[in-house]
Amino acid sequence: MAKKSFINKILQNTRKPEGFFGRLVLRGMNRGHASLARWGMGCMEWQAEWSVLDIGCGGGANLAQILKRCPAGKAYGIDLSQESVAFARRKNRRLLGTRCFVERGDVGKLPYGDGTFGAVTAFETVYFWDDLPEAFAEVARVLKTGGRFLLCSEMSDPANEMWTSRIDGMRVYSAERLETLLAAAGFADIAVYRRKKEELCIVARKQARNDQNGGRR
């Protein structure tokens, strides 16, 4: 029981990495999530000049890939964990402050102006968002009209409790549930991609306000 409790304590760092074990988890995430991130990024057409926000940027590996895909753009990372922020800054230190910017913050209240980004990404983090309607509304707010939201998850079966039973506050959402909430938040052209057993990638476009209202202003 003690061993199980110790492992579970380490696993809490997948939600909000802290200290030594948090840094170990971040290193593991950068390596272990690389395949999912490459696949997910390949599901979306990128524009070289985009400014992109990566929510839940973790160890910063995805920020590095975004910078390569947007060579004339910028990458912004945000994470609840100060450990993640520091780790992601070190990972991208060469471009930090010029093309890469990382800060601590919450998806429920993003510290950016309306229509700031051409794209927003979220890899392996939606499980921990406390209020999905609020979070998706914030994503839509900071996106330019026509901007893209890329969401990738390794797990998409709510009945699978392998990790949710061990990690506090973790929730798994089905593709259908995510589609419904994205549409309600003002997204259209919602494309769903699946790989392996549960891996999921969703790409959605922010509609213009008049489109959301059926053409009415």
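Reader: What makes Tyr76, Phe101, Tyr112 and Phe117 a cluster?
Author: Ring pairs link Tyr76, Phe101, Tyr112 and Phe117. Rings of Phe, Tyr and Trp (its six-membered ring) pair if their centres lie within 6.5 Å; planes under 30 degrees apart are stacked, over 60 edge-to-face, and the rest tilted. By this rule there are nine aromatic pairs. This is a predicted model, in which local features need pLDDT of at least 70 and side-chain atom pairs count only at pLDDT 80 or more, while totals for chains, interfaces and linings use all residues. Residues are numbered from 1 along each chain as its sequence is written, and side-chain values use heavy atoms, with hydrogens and water left out.

Reader: Why is the pair of Tyr76 and Tyr112 called edge-to-face?
Author: The ring centres of Tyr76 and Tyr112 are 6.1 Å apart and the planes stand at 80°, so the pair is edge-to-face. Tyr76 lies in strand E2 (residues 74–79) and Tyr112 in the loop between strand E3 (100–104) and strand E4 (117–123), so the pair ties together parts 36 residues apart in sequence. Helices (H or I, at least four residues) and strands (E, at least two) are DSSP runs, numbered from the N terminus.

Reader: Are Tyr76 and Tyr112 buried or exposed?
Author: Tyr76 and Tyr112 are buried. Buried means under 20% relative accessible area, exposed over 50%, and partly exposed in between (1.4 Å probe, protein chains only).

Reader: What makes Phe136 and Phe149 an edge-to-face pair?
Author: With centres 5.9 Å apart and planes at 70°, the rings of Phe136 and Phe149 are edge-to-face. Phe136 belongs to helix H6 (residues 132–142) and Phe149 to strand E5 (residues 143–153), so this pair ties together parts 13 residues apart in sequence. Both Phe136 and Phe149 are buried.

Reader: How many disulfides are there?
Author: The count is zero. A disulfide is a pair of cysteine sulfur atoms within 2.5 Å. The sulfur of Cys100 is 8.2 Å from the closest cysteine sulfur, in Cys57, which is too far for a bond. Cys152 is in no disulfide either; the nearest cysteine sulfur, that of Cys201, is 3.7 Å away.

Reader: Why do Cys100 and Cys152 count as buried?
Author: The relative accessible area of Cys100 is 0%, so Cys100 is buried. At 1% relative accessibility, Cys152 counts as buried.

Reader: How do you know that the buried residues of helix H7 are on the same side?
Author: The buried residues of H7 (residues 175–184) are Ala175, Leu178, Leu181 and Leu182. They cover an arc of only 135° around the axis, so they are on the same side of H7. The arc is that of the directions from the helix axis to the C-beta atoms. What covers these buried residues includes H6, E5, E6 and E7. Contact here means heavy atoms within 4.5 Å.

Reader: Why do Asp189 and Lys196 count as exposed?
Author: Asp189 has 54% relative accessibility, so Asp189 counts as exposed. Lys196 counts as exposed at 66%.
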